[in-house]
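Here's a quick tour of one model, going from a sheet to a helix pair and then to the chain contact. Have the structure open as you read.

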Amino acid sequence: MAAFGKVAWVLAVAALLSACGPRQPQAGSGGRKTIAIITPSHDNPFFKAEADNAAARARELGYDAMVNTHDDDAHKQDELFDSAIANHAVAIIVDNAGADASIAAVRKAKAAGIPSFLIDREINANGVAAAQIVSNNYQGAALGAQEFVRLMGEKGSYVELVGRESDTNAAIRTQGYHDVLDKYPEMKMVARQSANWSQTEAFQKMETIIQGNRGIKGVIAGNDTMALGASAALKAAGLAKVLVVGFDGSPDVIAAIRAGDIQATVLQPAARIARLAVDQAHHYLTSGTTGAPEKQAIDCELVNRANAGEFGVFARK
Amino acid sequence: MTATLFRLRALVALVALLVTFSCLSPAFLSAANLTILLKHVAINAIMAIGMTFVILSGGIDLSVGSIAGLAGMIAGGLIDHGLVLRPFGVVVYFQVWLVIAIALMGGALVGAINGLLVARLSVAPFIATLGTMYAARGAALLLSNGATFPNLAGRADLGNTGFPLLGEGTVPIWLMVAFGVAAALVAARTRFGRHVYAVGGNERAAQLSGVRVKRVKLLVYVISGICSGAVGLIVASQLVAAHPATGQSFELNAIAAVVLGGTSLMGGRGGIGGTIAGALVIGALADGLVLLGVSEFWQIVIKGIVIIVAVVLDQLQRRIQWQPSVK
């Protein structure tokens, strides 16, 4: 009897599951096709802006949007690709979890006939994704560094806060900064530390760095959260006059620029890139091509006190 | 003599670090730098103080970092947006001391859940607190839908200014001193303190001699929750912003401080003084290496080696202590 009971349970669960099956957007509910949107965790407003904009654009074009986050875990990303394939998504928009670790997932989707459109971060393989649209980190860094040089008056000692050193974008940005800054012999870097993109870590490391270098004139940070952390530490130490430049163009930093706490940042057009990726997916699904080369770099924009009012959430208003 | 040196190894290591760093960097031994150093230590030390009670009782608390994040977000939400009571159509803004109390109660509540899971439902502490680690982090993210509460300075017209004071200047250091003194007194001078050691040393024997083991276990997690909540509030106050990811991997630093301080992960042996010394070693190491401009990667490697050396010394110490009793 017990065995019979177990079998009955299994059957009941199976029946339930199969009853749910057709409701999954197979060809989409009401004939609408699904676009899967996969990004890192939404606890960073940047990724939230990406996901929100991609989903909004997808719905405008008549698709269903399936939004998920991989939390920078390549394994979780792989599972999300599996469920996108299982749900018969027609395209995947992804801000991936690692340049090498993501190649297999993208290739798997391609084999299943689903094109992937990469945003924000590239993968180290060509011809696997239908498109790789990223913001031009190098151009943006050069832009930020030029503004930093201008603010510093081409001289003085400064501190650089680098992002997570294992991250490609951290390397590209610091390269972009130094290709400009190192041309000015009177600009002197007195400390360089990684704060792992983190506000708390930037705050603590800045507090310590100040102790050895009270005469610093500026801080250039690899992203906005570190710029915010550095700015809070400088303010607490009575060094509010030290210039701070960030990177990303987050709403918090734009507010800080308007308040005069931070002097400049470089806005990554996350919203535009996300919408562009959906547009190209639509183009691909309707005509068979994206109408653009695979690798595309979209230029960043400088935000400073003069134009801070013109920007919204990772986009021009 | 050797045994005493072993017992005070965290202090010995601390002195060695202080001497080394002050030789290598003139700024290290300045009053200003030591103040900053203590401020950074305070964050880890307060969390590690709560953790010490849990570990002394034979448990472990992995949820402390998430509790810190959650407490910060509770405070951030209450200051930025107030408590929205939809059915009545009103928004209540609390004064800052009340906000702090509510956030600490949030921490205590998660701690109580840990305690109930461990004491009443006999869930292994590692698993119970691993679960609440995820749940509390998720709750912190849900509170703001993942966003940061950007301005915790409060508004004068709402009467909720003053929150940044908690992390200002030397306040965190004095909080560490207060937590440390209170905890040391509780651990060494109260019945509850002796019971914590008893439960960690031999739970069965403690039970048989009339210790209310379940109550002791519940309370140690509540203490840990409150300490972690306080840490979350200090971090949020220093940044004048509450971020839901705050406190990630803090639990590992706290456990490292406790272990470095000579408290046994098996429970029953150790104390608050050692934990504070352990936190000082980790803090001095981190800040000193930053001041010297050492790469982040080396900082991590060195920290790992220090922890391993500490545990190896712990084993050696036990051997030294055992020898006389063997004879």
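Strand β5 (residues 131–135) of chain A pairs with β11(A) in the parallel sense over four bridges; strands count as paired if DSSP finds at least two bridges between them. A:S135 sits opposite A:I298 in β11(A). Helices (H or I, at least four residues) and strands (E, at least two) are DSSP runs, numbered from the N terminus.

Bear in mind that this is a predicted model: local features need pLDDT of at least 70, side-chain atom pairs count only at pLDDT 80 or more, and totals for chains, interfaces and linings use all residues. Residues are numbered from 1 along each chain as its sequence is written, while chains are lettered from A and ligands numbered from 1 in the order in which they are written.

Zooming out, six strands of chain A make an open, parallel sheet in the order β2-β1-β3-β4-β5-β11. β2 (64–69) and β11 (295–298) of chain A are the edges, each with a single partner strand, so one side of each has no neighbour in the sheet.

Now the helices: α8 (residues 224–236) and α9 (residues 251–259) of chain A pack at about 45°, axes 9 Å apart. Axes are lines fitted to C-alpha atoms, for helices over the stretch in contact, and angles run from 0 to 180 degrees between N-to-C directions.

Residues touch if their C-beta atoms, placed from the backbone, lie within 7 Å:

| Helix | Contact residues |
|---|---|
| α8(A) | A:D224, A:A227, A:L228, A:S231 |
| α9(A) | A:D252, A:V253, A:A256 |

Between chains, 27 residues of chain B are in contact with 25 residues of chain A. α3(B) gives the largest share of chain B's side, four residues.

Note on methods. Contact = placed C-beta atoms within 7 Å.
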